[in-house]
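Here is a short report on one chain. Take a look at the sequence and the model before reading on.

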Amino acid sequence: MPHELMAFSMRERAAIYAMISIRVEEEKKERSKSRARKK
């Protein structure tokens, strides 16, 4: 929840955003791999 996120320190929020970004990039790579296999 947004109010819970704002309770974290700036450093903790930065770490959370970085983890989310890494996960999104990994999911994009997996999607492109699965698309390549389907063709």
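The text below goes from the whole chain to single residues.

**Basis**

This is a predicted model: local features need pLDDT of at least 70, side-chain atom pairs count only at pLDDT 80 or more, and totals for chains, interfaces and linings use all residues. Residues are numbered from 1 along each chain as its sequence is written, and side-chain values use heavy atoms, with hydrogens and water left out.

**The whole chain**

The chain has two helices and zero strands. Helices (H or I, at least four residues) and strands (E, at least two) are DSSP runs, numbered from the N terminus. Helix H1 covers 2-6, and a loop lies between H1 and H2. Helix H2 covers residues 10-38.

Along the principal axes, the C-alpha atoms fill a box of roughly 45 × 15 × 5 Å. Two C-alpha separations go with this picture. Glutamate 4 and serine 32 are 28 residues apart along the chain, and their C-alpha atoms are separated by 34 Å. For serine 9 and isoleucine 22, 13 residues apart, the separation is 20 Å.

The accessible surface comes to about 4,000 Å². Carbon and sulfur atoms hold 60% of that surface. Accessible areas come from the Shrake-Rupley method with a 1.4 Å probe; for residues, only the protein chains shown count as cover.

How much of the chain is made up of buried residues? The share is 3% of the 39 residues. Buried means under 20% relative accessible area, exposed over 50%, and partly exposed in between (1.4 Å probe, protein chains only).

**Charges and salt bridges**

The chain has 11 positive and 6 negative charges, and their mean positions are 9 Å apart. Lys and Arg count as positive and Asp and Glu as negative; His and the chain ends are not counted. The place of a charge is taken as NZ of Lys, CZ of Arg, CG of Asp or CD of Glu.

How many salt bridges does the structure hold? It holds two. A salt bridge is a side-chain nitrogen of Lys or Arg within 4 Å of a carboxyl oxygen of Asp or Glu.

| Salt bridge | N to O distance |
|---|---|
| Arginine 23 and glutamate 27 | 3.1 Å |
| Lysine 28 and glutamate 25 | 3.8 Å |

Arginine 23 and glutamate 27 both lie in helix H2, four residues apart, about one turn of the helix. Arginine 23 counts as exposed because its relative accessibility is 56%. Glutamate 27 is at 37%, so it counts as partly exposed.

Lysine 28 and glutamate 25 are three residues apart in helix H2, so about one helical turn separates them. Lysine 28 is partly exposed, with a relative accessible area of 44%. Glutamate 25 is partly exposed too, at 40%.

**A buried arginine**

Arginine 13 sits in helix H2. Is arginine 13 buried or exposed? Arginine 13 is buried, yet has no salt bridge. The nearest side chain of opposite charge, glutamate 12, is 7.3 Å away. Leaving out residues up to four places away in sequence, arginine 13 touches Leu5, Met6 and Phe8. Contact means heavy atoms within 4.5 Å.

**Surface residues**

Tyr17, Ile20 and Val24 make a nonpolar surface patch of about 280 Å². Patches are made of residues with over 30% relative accessible area and no salt bridge: like charges are joined within 9 Å, nonpolar side chains (Val, Leu, Ile, Met, Phe, Trp, Tyr) within 5 Å. Isoleucine 20 lies in helix H2. Its relative accessible area is 46%, so isoleucine 20 is partly exposed.

Glutamate 4 lies in helix H1. Glutamate 4 counts as partly exposed, at 44% relative accessibility. Serine 9 is in the loop between helix H1 and H2. Serine 9 also counts as partly exposed, at 35%.
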